[in-house]
Amino acid sequence: MPYIEVKTNVQVQDHKQFIRELSSYSANVFNKPYVCVSLQDNLSIIFNDSDDPAYIIGVTSIGIDAATKKKLSKELSEFLEKELKASSDRGYIFFYGPDGANVGWKGSVCG
């Protein structure tokens with residue numbers, strides 16, 4: 001399953017609601033039943049010499065293709081602008097595509 005890690009300097013009022021909405025929103029892009037999401041909020045982040053709302057996102061998924069990355073980048077940016085009030089020029093999204101042999105799951109590896 002894909003994993004999205006959100007780090008932001010914005011204080012999110014309802015963590016469970018935020019991660020559930022982001023998981024559901026992202027699952028549609030990935031065409032998966034769900035996406036694992038974690039959130040670290042209220043961090044000290046300076047972006048472009050400003051402490052205005054900002055984010056750093058890590059997306060990890062086995063076999064993520066270029067088209068999915070592009071679509072997810074757009075969709076995540078829109079979601080975060082709406083939920084965190086952080087414009088798309090106030091954050092980075094990093095994509096990681098490990099080989100299945102480097103991902104453990106259910107007591108084994110995925111590749």
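How many bridges join strand β3 to β4? Six of them do, linking β3 (residues 55-60) to a strand that runs parallel to it. Strands here are DSSP runs of E with at least two residues, helices are runs of H or I with at least four, and both are numbered from the N terminus; two strands pair if DSSP finds at least two bridges between them.

A word on the source: this is a predicted model, where local features need pLDDT of at least 70, side-chain atom pairs count only at pLDDT 80 or more, and totals for chains, interfaces and linings use all residues. Residues are numbered from 1 along each chain as its sequence is written, and side-chain values use heavy atoms, leaving out hydrogens and water.

Now step back to the whole sheet. It's open, with four strands in the order β2-β1-β3-β4 and mixed pairing. β2 (36-40) and β4 (91-96) sit at the edges with a single partner strand each, so one side of each has no neighbour in the sheet.

How does the chain get from β3 to β4? It goes through helix α2 (residues 66-84), making a right-handed β-α-β crossover; right-handed means that, with the strands pointing away from the viewer, the path from the first strand over the helix to the second runs clockwise.
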